[in-house]
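Hi,

Here is the structure I promised to pass on.

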Amino acid sequence: MMWFCRDWSVGLQPGSRGRNWVFPTVFLCVYGFFSMMRPSEPFLTDFLTGPYKNLTTQQVTKQVIPTWAYSNLFLLIPVFLVTDVLRYKPLIVLQALTFILAFILLLFSSGVVLTQCALFAYSMGTAADTAYYSYIYSVVHPQYYQRVTSYARGAVLLGYACGSLLGQLLVSLGGISLYWLNVITLNSVCLALLAALLLPMPEKSLFLRESEMDYNPSENVTSSSRGSWVWVVRCLRRGRRVVATALRRLALDCKECYSSVTVLFFCVWSAMGKCGYYQITLYVQLLWESKQPPYNFTAYNGGVEAMATLSGSVASIAVGHLALEWTLWGELVLGVFTALSAGVLYLMSMTSNIWVCYICYALFKTIYMELITICTFQIARGISRERYALVFGVNSFVGIVLQSLLTAIVVNTKTLELTICSQFFIYASYFSALAVLFLSRGVYTVFHNQLVEHVTPEGLPDRRTDLPQVSPLT
């Protein structure tokens with residue numbers, strides 16, 4: 001299998017032309033679709049608190065779900081550091097394997113500890129998302145970057161929407177138990193593993209130079225010393241130099257990327273928005289469970305997730321075709337729609353109607369996907385392609401750090417003992433503070449730009465130019 005992928009990858013590198021971009025893109029999209037087609041995910045809380053796992057809501061809220069946030073925080077750093085070194089594909093394969101392990105544990109284990117192990121394995125997979133989105137840039141020419149990026153993201157969104165809709169139809173119409181939804185999910189991620197194995201192996205990394213990565217240990221080393229400690233020490237020294245060089249470049253690139261104030265603010269929203277979004281999506285099923293009528297009610301979690309994902313996809317595509325001077329109005333747009341997100345979250349926390357809660361969540365997810373799209377292409381415009389993985393990886397890490405802090409304060413602080421509705425009220429306040437920040441910044445940017453337009457480059461008001469000419473003295 002490995003030799004097949006290595007031979008197939010010849011001609012698929014960034015310097016190639018023609019239709020060679022199609023093959024890796026197709027298999028990556030197939031992987032993205034099946035890895036995200038998880039019909040059991042919208043019903044995870046019901047599965048954990050139901051007769052299959054028999055966990056209490058308190059255990060799920062304070063012990064099980066926080067495992068994902070905390071473990072993802074500690075796994076994101078090593079995964080991010082080795083993603084470029086291992087050239088993406090091994091991390092994608094590892095992601096598929098950890099998803100398989102997670103759902104095997106969910107199906108065949110019991111108790112809080114083993115369920116936490118399942119969430120830990122799941123967090124290993126989500127930490128490798130950077131490899132999925134960065135892989136395609138290492139095997140296709142830059143002229144196809146925009147196209148293949150849209151295909152890769154579209155495959156993920158389509159897979160999640162189809163999985164949610166399939167789960168809803170099987171539960172509502174087919175009467176399928178939640179256990180069999182997890183079986184279907186396990187088979188789906190197994191198909192994703194097959195697609196991951198068929199991905200071509202990149203010949204070079206994006207971040208590290210080829211000369212730093214493609215080191216031949218036989219160079220400058222005699223054949224008689226290959227099996228000796230001398231060769232091992234030289235390889236280790238070489239590895240330390242590569243790591244030190246990579247870290248220096250990482251620091252310099254971060255300094256250069258975040259030196260632009262405009263890019264910095266879009267990165268701030270990207271990190272803080274992801275923090276709030278992850279927290280909402282992790283705990284929204286517990287909120288829905290608290291709003292459901294006590295008797296004879298069929299949960300429509302899967303249908304709501306499918307509708308929200310599809311509407312968010314449409315909004316993301318629409319905003320990509322919207323003709324607007326984003327460098328001027330982008331921050332103000334972020335502030336206005338973030339305020340709207342805060343409003344629907346306040347309504348979610350205070351309403352007792354499950355249908356209002358469903359609609360508010362769909363609105364929130366649609367707005368978030370629209371705004372994160374704006375942030376993504378604005379950040380991409382301000383940095384070089386080689387730094388995409390770096391900047392988006394750092395933003396994701398900052399978002400996970402903030403989410404872990406938010407989880408520790410709101411969920412795991414024993415003195416607070418907040419209800420799920422009170423927690424969502426705090427999350428709404430979090431987005432309100434974010435909205436105030438960007439509304440202020442947006443208003444400042446607009447007025448500052450208007451002021452600059454009426455001032456000369458020297459910083460002085462325009463002076464009259466119709467004065468009579470005076471001949472120079474001789």
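Cys 117 counts as partly exposed because its relative accessibility is 36%, where partly exposed is the range between buried (under 20% relative accessible area) and exposed (over 50%), using a 1.4 Å probe and protein chains only. Cys 360 is not part of a disulfide, and the nearest cysteine sulfur, on Cys 357, sits 6.8 Å away. Cys 360 is buried, with a relative accessible area of 3%. With a disulfide taken as a pair of cysteine sulfur atoms within 2.5 Å, the count comes to 0.

Before you go further, a word on the ground rules: this is a predicted model, so local features need pLDDT of at least 70 and side-chain atom pairs count only at pLDDT 80 or more, while totals for chains, interfaces and linings use all residues. Residues are numbered from 1 along each chain as its sequence is written, and side-chain values use heavy atoms, with hydrogens and water left out.

Now the salt bridges, meaning a side-chain nitrogen of Lys or Arg within 4 Å of a carboxyl oxygen of Asp or Glu. The structure has 3 of them:

- Arg 38 pairs with Glu 41 at 2.8 Å, N to O, and both residues are buried.
- Lys 365 pairs with Glu 305 at 3.0 Å, N to O. Lys 365 is in helix H15 and Glu 305 in helix H13 (residues 301–320), so this bridge ties together parts 60 residues apart in sequence. Lys 365 is buried at 4% relative accessible area, and Glu 305 is buried at 3%.
- Glu 331 pairs with Arg 441, with the closest N and O atoms 3.2 Å apart. Glu 331 and Arg 441 are both buried.

The helix labels, by the way, are DSSP runs numbered from the N terminus (H or I, at least four residues; strands are E, at least two).

What about the nonpolar core, i.e. buried Ala, Val, Leu, Ile, Met, Phe, Trp, Tyr and Cys residues joined through side-chain atoms within 4.5 Å? The largest one has 117 residues, and Trp 269, Met 348 and Phe 424 touch the most other members. Helix H15 (residues 354–382) gives it the largest share, 16 residues. If you skip neighbours within four places in sequence, Met 348 is in contact (heavy atoms within 4.5 Å) with Val 284, Leu 287, Lys 291, Cys 357, Cys 360, Tyr 361 and Phe 424.

Asn 54 has a phi near 60°, positive in a residue other than glycine. Asn 54 is in the loop between helix H3 (44–49) and helix H4 (57–85), and is exposed, with a relative accessible area of 60%. Asn 72 is in helix H4 and is buried at 4%. Again leaving out neighbours within four places, Asn 72 is in contact with Thr 67, Ser 123, Thr 126, Ala 127 and Ile 400.

Last, a couple of helix lengths. Helix H5 (residues 89–108) has 20 residues and runs 29 Å from first C-alpha to last, close to the expected 28 Å, which is 1.5 Å times one less than the number of residues. In H5, 14 of the 20 residues are buried. Helix H9 (residues 178–197) also agrees, because its 20 residues should span 28 Å and its end C-alpha atoms are 29 Å apart. The buried residues of H9 include Leu 178, Asn 182, Thr 185 and Ser 188.

Cheers
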